Amino acid sequence: MELKEWLAKAAQSILDQDEASAREIATKALEDGMDPVEMIHHGFAAGIRKMGDLFDRGEVFLPGLIIASDAMVAAVEILEAALPRGQQQKNLGVIVIGTVEGDIHDIGKGIMVTMLRVHGYEVHDLGRDVPIEDFVKKAREVNADVIGSSAMMTTTQIGQKKLEEALKKAGLRDRVKTMVGGAVATDHWAKRIGADFFGETPADTIDKLQRILN
Ligand code: B12
């Protein structure tokens, strides 16, 4: 089967909220030689984003979104296991990352963590709903080069601004770079709160990291 067809099938399994089918598609696409990164970003992620639009329009409700998310997580797990691990030894920099306080969205952040590791960064993932002080504490503990925060809601986005303030207060802001991401972040937002950059996708983020750390 062509990549295009696999991508469409992957997205559809998420829209169908069908975890068994999502797992099967992830497994069979790999067997068929498809690129796991393509499958995640243009297949399954496209499906979950479409679910978000349907949720927004009141055509899908929270239980459906939760089942679809579980299907997405299961498929991504299978695909991530197939990513090359060789470059992990490079250690291009130390990154502390997490989803800000009050926000439990972690699918995209999880994908970002995997991609950063695959590209040779040492990543300390704090998880989701992370108190601001935990970012600061961890950054100090591991001597982080970069702190990344994910926020998916307008109500939790403020956590990224609080993080900038907390880092200044702790005297760490001059020593670490900061990157923001998540569905509500933009270049404008990053600039406004004083973050070093906004990362839209893993490719965009890795590109910007390389530039900023050199
Ligand atoms: C899946 C999902 C859920 C799942 C989350 C499961 C999980 N474990 O993550 C569940 C069902 C639990 C959920 C719950 C809720 N959700 Co929700 N959810 C979504 C949905 C549909 C998709 C998010 C997603 O996974 N996208 C796919 C990934 C691959 O993309 P991504 O997250 O954007 O990540 C990419 C980039 O942003 C970037 N990135 C991500 N993090 C980072 C970090 C850094 C540092 C960098 C550089 C880059 C980066 O890289 C990623 C990979 O490409 C979005 C809709 C949308 N369009 O985003 C709504 C959405 C985010 N949810 C929303 C809402 C309102 C909620 C709830 C409040 C619903 C409710 N009424 O209870 C709760 C929140 C509870 C809470 N306290 O957090 C709203 C937020 C609205 C807003 N603007 O404020 C959205 C936008 C839906 C909508 N249109 O209304 N949700």
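Q: How are the helices and strands numbered?
A: Helices, runs of at least four residues, and strands, of at least two, come from DSSP and are numbered from the N terminus. So when I place N143 in the loop between α6 and β3, you know which elements I mean. One caution: the model is predicted.

Q: How many helices and strands does the protein have, and in which order do the elements run?
A: There are nine helices and five strands. Starting at the N terminus, the order is α-α-α-α-β-α-β-α-β-α-β-α-β-α.

Q: What radius of gyration does the protein have, next to that of a compact globule?
A: A compact globule of 214 residues would come out near 17 Å, and the protein has 18 Å, which agrees. Along the principal axes, its C-alpha atoms fill a box of roughly 55 × 40 × 25 Å. Of the 214 residues, 39% count as buried. As for contacts between residues at least 6 apart in sequence, 74% join residues at least 24 apart.

Q: Now a single helix. What span is expected for α2, at 1.5 Å a residue?
A: For the 13 residues of α2 (19–31), the expected span is 18 Å, and the distance from first C-alpha to last is close to that, at 18 Å.

Q: Which residues of α2 are buried?
A: A residue is called buried when 20 or more other C-beta atoms lie within 10 Å of its own. In α2 those are A22, I25, A26 and A29. Viewed down the axis they fall within an arc of 100°, so they line one face of the helix. They pack against α1 (3–15), α3 (36–56) and α4 (62–80). On the face turned away from that buried side sit the exposed residues A20 and E31.

Q: Which residues of α7 are buried?
A: Here the list is G159, Q160, L163, E164 and L167. Their arc around the axis is only 150°, which puts them on the same side of α7. Their cover includes α6 (132–142), β3 (146–150), β4 (177–181) and α8 (187–193). K168 and K169 are exposed, on the face turned away from the buried side. The length fits too: the twelve residues of α7 (158–169) should span 16 Å at 1.5 Å a residue, and the end C-alpha atoms are 17 Å apart, which agrees.

Q: Which residues come nearest to the ligand?
A: Out of the 39 residues around the ligand, the nearest are G52, G108, G148, G181 and G199. Elements giving two or more residues to this shell are α3, α4, α5 (107–118), β3, β4 and α9 (202–213). The most comes from α3, with seven residues. By type, the shell divides into 19 nonpolar, 15 polar and five charged residues.

Methods:
Residues numbered from 1 in each chain as written. Predicted model: local features only at pLDDT ≥ 70, side-chain atom pairs only at ≥ 80, totals over all residues. Expected span 1.5 Å × (residues − 1). Buried ≥ 20, exposed ≤ 12 C-beta atoms within 10 Å, placed from the backbone. Arc of directions from axis to C-beta. Contact = placed C-beta atoms within 7 Å. Rg over C-alpha atoms; globule rule 2.2 N^0.38 Å. Near = placed C-beta within 6 Å. Nonpolar A, V, L, I, M, F, W, Y, C, P; charged D, E, K, R; others polar.
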